[in-house]
Amino acid sequence: MPQFRVDYAQRAPESPHTVPYQRMVDSLPTPAYTCNATGEITSFNPPAERLSGRTPRLNDAQDLYCGSFRLYTPTGEPLAHDACWMARALHEDAAFVERKAIIERPDGSRRQVLAHVNPIHDDSGRLLGAINVLIDVTERERTEAALRESAQRLNLALTASHMGVWEWDVVTNDVLWSPECYDIVGSVRDTLTLDVFKSFVHPDDLEYVMAAIADAIREHRVYRAEFRIVRDDGSIRWVCNHGSVDYDESGNPLRIVGTVQDVTDRKLAENALLGQNRVLEQIAAGASLTTTLDKITEFVEGELPGSICSILL
């Protein structure tokens, strides 16, 4: 069990209140140190020594408030030792919890920490000093920064590809959408459920979409479907849905997580090519002019729902 290095000759007399408190501090596995009321370091444990990369000088006016070589604010500006969280706790007789700082070691390496500083008083309320328990969050900060960068790159990719991410809780029917999903359907509705999703699906495609979902769940395979949606402004877009189903230990579906992409331009191009091929097939087969023109108008009206096409000769 790690023990504090303490100069007992310089320590203030202990009261019944401070004895159990000191014992608790002595057993801490995390970096911790104490200062007297004037800021001189009176004790530190081995984790604190390893964190700072140096051995602090006890009861030395040249080593006040903190045993670190150098200090910086969370944004990287130099921080004087007499302005650190320990110094502020002693000057203001106040606690500072989960306060960020950056420690620089003599070798130039830096560690990001959370300081937890609490003043220590005697029975009469007189300030004796303070204890600082430090949590090294360097790896956590790096991980969170990497996650933020990854999320930013993902958002850029989703935006560039007109793709959104969604999740459907099969048990509660709740639906979660990324901002890109709202952009695709042209809606800002607050509450999302399966029924809300279904309301966006083109009526002629709804049965196909729900059957594709049911098949994917039943057959334990990836869900994929291309279908039309009707936006709030009445416009029609084509989307492609991909989803993966998660199951519990008993094989019951829990949720489907997937992506949706606006593929309207591709579908229009495909349909245009298909329509052209049909017209060419009619011509090649020797169809009459009337039949060929009927195919052309049929194609145009199919691409522009609600429109009526006529060809004047």
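Reader: Which residues does Ile256 touch, not counting residues up to four places away in sequence?

Author: Contact means heavy atoms within 4.5 Å. Ile256 touches Trp166, Glu167, Trp168, Val170, Ile213, Ile217, Gly243, Ser244 and Val245. This is a predicted model, in which local features need pLDDT of at least 70, side-chain atom pairs count only at pLDDT 80 or more, and totals for chains, interfaces and linings use all residues. Residues are numbered from 1 along each chain as its sequence is written, and side-chain values use heavy atoms, leaving out hydrogens and water.

Reader: Which residues touch the most other members of the largest nonpolar core?

Author: A nonpolar core is a set of buried Ala, Val, Leu, Ile, Met, Phe, Trp, Tyr and Cys residues joined through side-chain atoms within 4.5 Å; buried means under 20% relative accessible area (1.4 Å probe, protein chains only). Here the largest has 28 residues, and Trp166, Trp168, Trp177, Tyr223, Phe227 and Ile256 touch the most other members.

Reader: In what order do the 5 strands of the open sheet run?

Author: Strands of a sheet pair through backbone hydrogen bonds, either parallel or antiparallel. Strands (E, at least two residues) and helices (H or I, at least four) are DSSP runs, numbered from the N terminus, and two strands pair if DSSP finds at least two bridges between them. The order is β9-β8-β12-β11-β10, with antiparallel pairing. β9 and β10 are the edge strands, each pairing on one side only.

Reader: Over how many bridges do β10 and β11 pair?

Author: They pair over 8 bridges, in the antiparallel sense. The bridge partner of Arg224 is His242, in β11.

Methods
Buried means under 20% relative accessible area, exposed over 50%, partly exposed in between (1.4 Å probe, protein chains only).
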